[in-house]
Amino acid sequence: METMNIKSKTIFTGDNLPIMRGINSESIDLIYLDPPFNSKTNYAAPIGSKAAGAEFKDTWTLSDVDNAWLDLIETKYPALNRVIHAAMTNSDKSYLIYMAARLLEMKRILKDTGSIYLHCDTTMSHYLKLVMDAVFGKGNFRNEVVWKRTAAHNDSAIYGSIHDTILYYSKGDTPTLNEQYQPYSDEYLKRYKHTDENGKRFLDRDLTAGSLSGGGYQYEWNGITKIWRCPFTTMQEYHKSGKLYYTRNGTPRLKQFLDDMPGAPVQDVWIDIPPINSQAKERVGYPTQKPLALLDRIIKASSNKDEVVFDPFCGCATTLVAADRLQRNWIGIDISEKAAELVVERIKSDQGLFENIINREDIPKRTDLGDILRYNHPKNKTQLYGEQSGYCNGCGTHFEKQHLEVDHIIAENVGGTDHIENLQLLCSHCNRVKGERGQEYLISRLNKD
Ligand SMILES: C[S@@+](CC[C@H](N)C(=O)[O-])C[C@H]1O[C@@H](n2cnc3c(N)ncnc32)[C@H](O)[C@@H]1O
């Protein structure tokens, strides 16, 4: 397993795709992402709020470059390509291509024991689930969590739409999962109908084994001879610790105290985490800000202390604040400069301490590639000439070796590495057209000409 090359408490300002390309493989324990939902809306924070100035676009159109991305995905990830083609509109396709490129990087940087939670809503959740299946594997789907994000309201001609969807996947078979609990329902609490001399509520449980298959322990207790569920010594311990409750005819039953119970195990419908109301202390006015309690639950469930939590669309840093409180390491990225300002402010006021938060705008360099050759090393050229059988990877024309040039498929300035997997040979014309851009740009230009 590779070590992390980014310091904890770093927030990057910039597009998350090139930045993620600079993060070492298998270095993250938990990813939560709350990306734009393809809502066809552009968001801006209200003037006068702490987040004023923050805005992001959520409208999508299929450009030549998106189409070229699709061509690239088709060659390397055919299943993903089929899923994207299932989308009904060009705008949906464009959105899914944008998401697919990023989810592929997220899979690479996630540890084998890691988990990913993708927060979305019904606009795209059905397509995103297919994309997640194609990227992470259908067998790694864990849950579709329904989060009731708002109070009931009337939507015209449909049922009130009041939930978001959180798609939870693991990278492998053994993700971290710490069981979480929530308060019991009133219905369940009615079963705790007794109160002991100290005012503690309890319910009473059967100690006889008559109805159990596979036997029990026969002995006399309180003048009653029966087959009991526990051995005599255990019954004595219950007696000493005041855990026996006697029915009118003297039969002992076990007291189960409410205070000893952990709560109800959390299920996949979350109705106990309310949205942030207009007066809430945590509210900063950032568009689509999520409640801390939501992130608290996810982080506690799917990570442990000192592990690394990552949010590539961190907004006003809800995930990062929750991770900091829970003593996790964290990294965030947001394209908006306002997000970095808010995270510093939020963590300082939340913890009441000066924190060493690092704000970076550069593209990090991976440190897990070992000693690799510089991209234009003659050995790379010879290997690539053989792999491409002498054809330019742009126009497809055959050339002598000396007329082909080594090029980064993903340009260096957007996180592309010198690794042979990111290299190709282009003729000098295609190389000039492509310049410092990605391969998708070259394909779209060649398709146009
Ligand atoms: C739905 S909001 C996230 C809100 C966040 N969960 C919170 O509680 O504040 C989506 C965020 O993604 C950011 N974003 C959009 N495109 C991005 C990109 N390519 N790279 C990084 N951040 C991006 C937007 O600036 C916005 O802050």
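User: Which residues of helix 9 are buried?

Analyst: A residue is buried if 20 or more other C-beta atoms, placed from the backbone, lie within 10 Å of its own, exposed if 12 or fewer do, and partly exposed in between. In helix 9, the buried residues are Thr318, Thr319, Leu320, Val321, Ala322, Ala323 and Asp324. Please note that this is a predicted model, in which local features need pLDDT of at least 70 and side-chain atom pairs count only at pLDDT 80 or more, while totals for chains, interfaces and linings use all residues. Residues are numbered from 1 along each chain as its sequence is written.

User: In what order do the 9 strands of the open sheet stand?

Analyst: Strands of a sheet pair through backbone hydrogen bonds, in either a parallel or an antiparallel sense. Two strands count as paired if DSSP finds at least two bridges between them. Here the order is 16-6-7-5-2-17-18-1-19, and the pairing is mixed. The edges are strand 16 (269-270) and strand 19 (358-360); each has a single partner strand, so one side of each is left without a neighbour in the sheet.

User: How many bridges join strand 1 to strand 18, and how many join strand 1 to strand 19?

Analyst: Strand 1 (residues 10-13) pairs with strand 18 (residues 329-334) in the parallel sense over 4 bridges. In that pairing, Thr10 has Ile331 of strand 18 as its bridge partner, and Phe12 stands opposite Ile333 of strand 18. Strand 1 also pairs with strand 19 in the parallel sense, over 3 bridges. There, the bridge partner of Phe12 is Arg360 in strand 19.

User: Which strands does helix 9 touch as it packs on the sheet?

Analyst: Contact means that the C-beta atoms of two residues, placed from the backbone, lie within 7 Å. Angles run from 0 to 180 degrees between N-to-C directions, with axes fitted to C-alpha atoms, for helices over the stretch in contact. Helix 9 touches strand 2, strand 17 (308-311) and strand 18, and its direction makes about 170 degrees with that of strand 18. Helix 4 (residues 90-109) lies across strand 2 (28-33) and strand 5 (110-120), running at about 150 degrees to strand 5.

User: Is Leu342 buried or exposed?

Analyst: Leu342, which belongs to helix 10 (residues 337-351), has 29 C-beta neighbours inside 10 Å and therefore counts as buried. Apart from neighbours within four places in sequence, Leu342 is in contact with Lys50, Ala51, Val284, Tyr286, Cys316 and Ala317. From C-alpha to C-alpha, Leu342 and Gly160 are 33 Å apart in space, and they are 182 residues apart in sequence.

User: Where is Glu55 placed, and which residues does Glu55 contact beyond four places in sequence?

Analyst: Glu55 lies in strand 4 (residues 55-58). With 13 other C-beta atoms within 10 Å, Glu55 is partly exposed. Beyond its neighbours within four places in sequence, the contacts of Glu55 are Asn42, Tyr43, Ala44 and Ala45. Between Glu55 and Leu326 there are 271 residues in sequence and 29 Å in space, C-alpha to C-alpha.

Note on methods. Helices (H or I, at least four residues) and strands (E, at least two) are DSSP runs, numbered from the N terminus.
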